[in-house]
Amino acid sequence: MKVNDTPVDFLFLDQNKVSQVIEQCVKGDITIDYQPGHPHGFVNSIYLAEIALCKVLWDPSGVVGKLKSKAIPFSPVFQTAIIQKFYWEANFSLENGYKGIYKKDVSYITGCCFRSVSCLNQVLFAINETYLMNEKGATSIADSFSMVPSKYSHRIYEIFTLITEDQDCLKKALNMMRDLIRETGSLMKSKSFLN
């Protein structure tokens, strides 16, 4: 649907479910499930992001306002949980990607790089205390943060252009991904998110 030429989605959600999931998130219980339309997966914190970022137009019973108060300020427990879950997975996905080089498995390596990038986006949003709504546009948004590897989105685009059947290009792409993960780790160390 469009309102004044702006695409608008109407989401009808169970307020009890949303409230329950927000409680999980602020306590550090982060889950991710396969769901069409979310190539990285549906992270339960999407509900938290939707509440934190929504503009309340009408809330006569105060339900949205009450839920918003749980999302703001940014929960340090939630922040730590996101960082721990997704920084580990960014590395794990990258290491799996290296296993596809000798087979020139472009599809597999692309998938591993996508997961690494999606996980890094989660981490970068968390260290910058910003809620991540979904994968669309996340890399470009992350590029605007104060704590982000230099030329972040440009380097990610370059990584994906290198994923071809050429083994040297595959190695270069994965090594560039490793550099981004390490630089993100250095940013986290500078703010004491890693020991």
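Start with helix α8, residues 167-190, in this predicted model. Its 24 residues should span 34 Å at 1.5 Å a residue, and the end C-alpha atoms are 35 Å apart, so the two values agree.

Stay at the start of α8 and show the side chain of D166. One of its side-chain oxygens comes to within 2.9 Å of the backbone nitrogen of D168. Then go to the other end: just after α8, S192 has a positive phi of about 65°.

Next, colour the buried residues of α8: L170, A173, L174, M176, M177, L180, I181, T184, G185, L187 and M188. An α-helix has 3.6 residues a turn, so residues three or four places apart point the same way. What do the buried residues of α8 pack against? Select α4 (76-98), α5 and α7 (152-162) to see the partners.

Now move to the largest nonpolar core, which has 57 residues. M177 of α8 is among the members that touch the most others, along with I30, L48, F78, I127, Y131 and Y152. Helix α5 (residues 106-127) gives this core its largest share, 10 residues.

From that group, select L48. Leaving aside residues up to four places away in sequence, L48 touches I22, C25, V26, A71, F78 and Y131. F78 and Y131 are also among the core members with the most contacts to other members.

Finish at strands β3 (residues 32-35) and β4 (residues 38-43), which pair in the antiparallel sense over 3 bridges. Select I32 and its bridge partner in β4, V43.

Methods: Residues are numbered from 1 along each chain as its sequence is written. This is a predicted model: local features need pLDDT of at least 70, side-chain atom pairs count only at pLDDT 80 or more; totals for chains, interfaces and linings use all residues. Side-chain values use heavy atoms; hydrogens and water are left out. A nonpolar core is a set of buried Ala, Val, Leu, Ile, Met, Phe, Trp, Tyr and Cys residues joined through side-chain atoms within 4.5 Å. Buried means under 20% relative accessible area, exposed over 50%, partly exposed in between (1.4 Å probe, protein chains only). Helices (H or I, at least four residues) and strands (E, at least two) are DSSP runs, numbered from the N terminus. Contact means heavy atoms within 4.5 Å. The expected span of a helix is 1.5 Å times one less than its number of residues. A polar contact is a pair of N or O atoms within 3.5 Å; within protein, one must be able to donate a hydrogen and the other to accept it, and residues adjacent in sequence count only if both atoms are side-chain atoms. Two strands pair if DSSP finds at least two bridges between them.
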